Amino acid sequence: MRERKALLSIRKGIYDAHRWLSWNEKDCCRWRGVRCDRITGHVVKLDLHYPYPCDYYVNPERCPDESEVSPSLLHLRHLNYLDLSMNNFSGAPIPDFIGSLANLKYLNLSYAGFGGTIPHQLGNLSNLLYLDLRSNNQYSLDVDNLGWLPSIRFLQHLDMSNVNLSKASNWIHAINMLPSLSVLRLSLATLPNLPSTLTHVNFTSLTTLDLSGNSFASTIPGWMFNLSSLELLDLASYYDFYGNNFYGNIPLAIGNLQKLQVLDLSWNNFSGDIPETVWSLKSLRSIDLSGNNIHGNGISGQIPETVGNLKSLVSLDLSRNNISGRIPETTGNLKSLVSLDLSANNISGHIPETVGNLKSLETLDLKYNSISGRIPETVGNLKSLQFLVLDGNQISGEIPETIGNLGELSRLDLSYNVINGQIPRIVGNLCNLSHFDASKNNIGGDITGFMEGFSRCSTNRLQYVNLNHNNISGPLPNHIRELQSLETLDLGFNLLDGSIPVSLGKLSALYYLNLSANFLAGALTEAHFANLTSLSSLDLSYNSLTINVSQDWLPPFKARYISMASCPLGPKFPPWLRNQTDLSFLDLSSAGISENFPDWFSDMRPPMYFLSVSHNHMKGKLPSFEPLPPTQIPGLIDLSNNLFFGPIPPTLGGGVDHLGILLLAHNRINGSIPSTFCKSNNLQVLNLADNDLSGVLPDCWNNSSVLEVIDFSDNQLSGGIPSSMGSLSQLMSLHLRDNSFSGKIPLSLQQCKHLTTIDLGNNKLSGSIPEWIEGSLLSLRVLRLRSNMLDGNIPKQLSLLASLQVLDLADNKLSGTLPPSFGNFKAMITTPNGSGPVLSENMINYYTENIQISTKDLELTFTSVLSLIASLDLSDNNISGEIPEEFTNLRGLYSLNLSGNHLTGRISRNIGALRQLESLDLSMNNLSSTIPTSITDLNFLERLNLSHNNLSGRIPSGNQLQTLNDSSIYIGNQYLCGQPLPEKCPDNEPAEGPTEEKQDENGSEMIWLYVGLSPGVVVGFWGFFAAVMLKRSTRYAYIQFIDRICDWIYMAATIYFTRPKSKRNRGRRGRR
């Protein structure tokens, strides 16, 4: 009777117990969760665990409210089994009096919401065999030490997972004093250390050891491999959040664990090959070595043929490592295998035909490898297969017809391969398929066949279809209306044509629709959207689709994403967007809209983080924008290439807190640049180019800014470049060309160490080129300072800019000589390979780097190919002296312009080494001597200008030079002769030499002449050569004499024969 009252008192403290504990009978021994001893009648078992499943993160409403442990438990003195798990004791401590229940053999307090420190009194339960104190994440349990644990000397099962054991420095020694221990689970226990050695291992009865999710950072200690009874070893980490960091090779000694059935070493930092001893553990049912490449190189080597020995294996996961080689044919021996995951490795070769032997297989995941060849026909034998994931490989060929046999298949992912052919009609028979992804392949044909098959399924489960970036053609089939479970349909970037069927509007579950970049045409009516009540994302861009709806039409959906770029929607701004109050992404670029933003647009809530109406003919003043909500994606507003006018609203200047990209270029915006831009701490790209902005730049920039691109070119800005711009520590691209800036280039710009492009051309800047550029801006690839009023010498240190590809200092007042060190420009010495964009990868989606280069008598703007260009332009200055021979080292140059200076000396004989040159301009200088013949080696030369110099001699001919048949190239050189100039050279004989007939007539005479002369020539030459070469002073004097004589004869002959004929005749007559 006393125990009955105690039970009723205990039940009162348990939440909602009256609902699931109907203790109405008189005999308490027959109550649910209660068991009594058959002889004594005393209560020996009490199971009050909360019976309903709950998850505080997923469905907290199904979880219990607060409970309380009643002291009446003390009246159940004969109790040997107590289970209070899954209740909610709201962080209350585990009652000390539980330690008084001396007969307890089983105690389960797991996930019961206890908190605080585990009482030492539990050590009094000397008869305890089973102790489960697992904690949930709502309340925290901890221990101050585990000194009480060895008192429970018969303990067989201990689970203290998620209990904070960080203070239990002696934990392994306490565990080692439990010789009967069979199961030890200390997962996520914040254990402080793992000893590498133990003098004596006492817990050799251990069958389960789970130390996953702790903070161990070591190799696997050797004593673990003495646990010969071990069946489960779990040392895993929990992804990248909690975890161990075991490293080094997996020890060979793991082969000692012959009874091992489960091995989990996942998400650590193991490396090296998998030891052969692993494949000898024939009891293994599960191997998980995944995720070991997260912090290091991962497990490497190849999967051996001996993998086929593990006949009991049910699950094999080697994903996210560095394993190479082929999938062994013997994998087909693993006939118990249910799950095979080899994803994210470097596996190559074909999928073996023997995979068809794995009749129990439910999951086959080989994604993100280098697997090639076809999908084997034998895959159709896998009748139990539910997940077939092969994306991110190099698989080719067609999808086999046998795939239609996989009736249990739920997920089929073939994306990012090179599969061709059509999608077999039989794929439509896979009525359990919910996810089908074959995007980024070469699949062609139409989709009518397999879509029609799905429409015949009695229970259609298809939710996701992604076939984007293929060659699928034909129209969208009408059968699409039958796919009532479809949530995602992505057919973008294909060859679909025709009109969109009205039946598409019946897909009430459709959430994401992408038909962009096809050849679809026609009008979409209200019927096309009639039942699309779930639609959140709509992308119809780059088609010829129009929207033909009434002015007061209200769409049945509330989309967050709408993109209709390059669809002819104009001339009006679509009025049906007015009720899209959840819209955060809108792209109506190139849509033919020519009216203003409607008045209601500024009132839309929430504000959009992406808005693009670029390349329209929209006009009027810029709208005001509300502050953007915080988002991980930088907000973008693109109003460029329109006809907007008026000043920039203050809200755009700084009020749009989370705006990352602002593009207002190519409009008619006037006024000054608001100083509020200085306060936009999230702004990364600011493009205001080609407007009518005036005034001075604000001088308030600060180092909290993340600006990477500033483009204010082609405006009417004036004043100096503010020194505060040097605070923009993230700045990569600065464009201020074609304004009226004056003063000096500020010293503070040397702090912008990430700068890759500086374009200050076509301004009124003065002073010298700063010498600090070469020491600070080591990433600089483009420096354009042309058409200013810069003076002084060109700093020779500029050559230290190893990344510099484009240097344009033309049209200034620079003087001095050309620095020989310019031959050391590393980026100009080799041919640019365009290995990376000028800007960072995350910027090129928002801003196209551009630069104007004067070449081939044109002002060309380079954008996407800028990384392939190397150009040097120092023209129209006051530079004197000779062209250094070192300039011929710049073999990657595309364009070289030194015209309009005062250069002297000769053109280097090695000019032909600049084989990439397409444009060479040395005109308007004082260059002399002959044109070197190596110039004919410039096979890519399209534009050449050597005019207005003092060049002389014959113009070389041959190769690419033959195509440059324009006399203006050489005009203004008095002593040049030969084609294409009208002046002929003195030796006016045909270049091809004498004819064959004359050669035969004189041949025998000439032979005898040569025979007679030869001995004399040989004797005379060697006699003279010996006399000259024996004495150094004689040799040097003779060579100098010959050199002077040759120069005098050559110049005299050239001057004589290039004078007009009439003058030469007069000279002869006079001498007579």
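Trainee: Is glutamate 452 buried, exposed or partly exposed, and how do you know?

Mentor: Glutamate 452 has a relative accessible area of 23%, and the words are tied to cut-offs: buried is under 20%, exposed is over 50%, and partly exposed is in between, using a 1.4 Å probe and protein chains only. Glutamate 452 is therefore partly exposed. Keep in mind that this is a predicted model, in which local features need pLDDT of at least 70 and side-chain atom pairs count only at pLDDT 80 or more, while totals for chains, interfaces and linings use all residues. Residues are numbered from 1 along each chain as its sequence is written, and side-chain values use heavy atoms, with hydrogens and water left out.

Trainee: How do you know that glutamate 452 forms a salt bridge with arginine 425?

Mentor: A salt bridge needs a side-chain nitrogen of Lys or Arg within 4 Å of a carboxyl oxygen of Asp or Glu, and the closest N and O atoms of glutamate 452 and arginine 425 are 3.6 Å apart. Glutamate 452 belongs to helix H4, whereas arginine 425 sits in the loop between strand E24 (411-413) and E25, so the pair ties together parts that are 27 residues apart in sequence. Helices (H or I, at least four residues) and strands (E, at least two) are DSSP runs numbered from the N terminus. With a relative accessible area of 53%, arginine 425 counts as exposed. Elsewhere, salt bridges that share partners join Asp714, Arg737, Asp738, Asp759, Arg784, Arg786, Asp808 and Asp873 into one network, and the structure holds 18 salt bridges.

Trainee: What makes the pairing of aspartate 159 and arginine 134 a salt bridge?

Mentor: The closest N and O atoms of that pair lie 3.3 Å apart, which meets the cut-off given above. Aspartate 159 lies in strand E8 (residues 157-159) and arginine 134 in the loop between strand E6 (130-132) and strand E7 (141-142), so parts that are 25 residues apart in sequence are tied together. Aspartate 159 is buried, because its relative accessible area is 3%, whereas arginine 134, with 24%, is partly exposed.

Trainee: How do you know that glutamate 3 has no salt bridge?

Mentor: Glutamate 3, in helix H1 (residues 2-12), is buried, and its nearest side chain of opposite charge, that of arginine 2, is 8.3 Å away. Lys and Arg count as positive and Asp and Glu as negative, while His and the chain ends are not counted. That matters when you read its contacts (heavy atoms within 4.5 Å): leaving aside neighbours within four places in sequence, glutamate 3 touches Gly41, His42, Val43, His75, Leu76 and His78.

Trainee: Which residues of the lining of the second largest cavity count as charged, and how do you know?

Mentor: No charged residues occur there, since the lining has 8 nonpolar and 2 polar residues, where Ala, Val, Leu, Ile, Met, Phe, Trp, Tyr, Cys and Pro count as nonpolar, Asp, Glu, Lys and Arg as charged, and the others, Gly among them, as polar. The lining residues are Ile883, Phe887, Thr888, Leu896, Ile907, Ser908, Ile911, Leu914, Leu920 and Leu922. On a 1 Å grid over the protein atoms alone, a cavity is a set of points where a 1.4 Å probe fits but cannot get out, and lining residues have an atom within 4 Å of a point.

How values were computed:
On a 1 Å grid over the protein atoms alone, a cavity is a set of points where a 1.4 Å probe fits but cannot get out, and a pocket is an open set with protein on both sides within 12 Å along at least five of seven lines; lining residues have an atom within 4 Å of a point.
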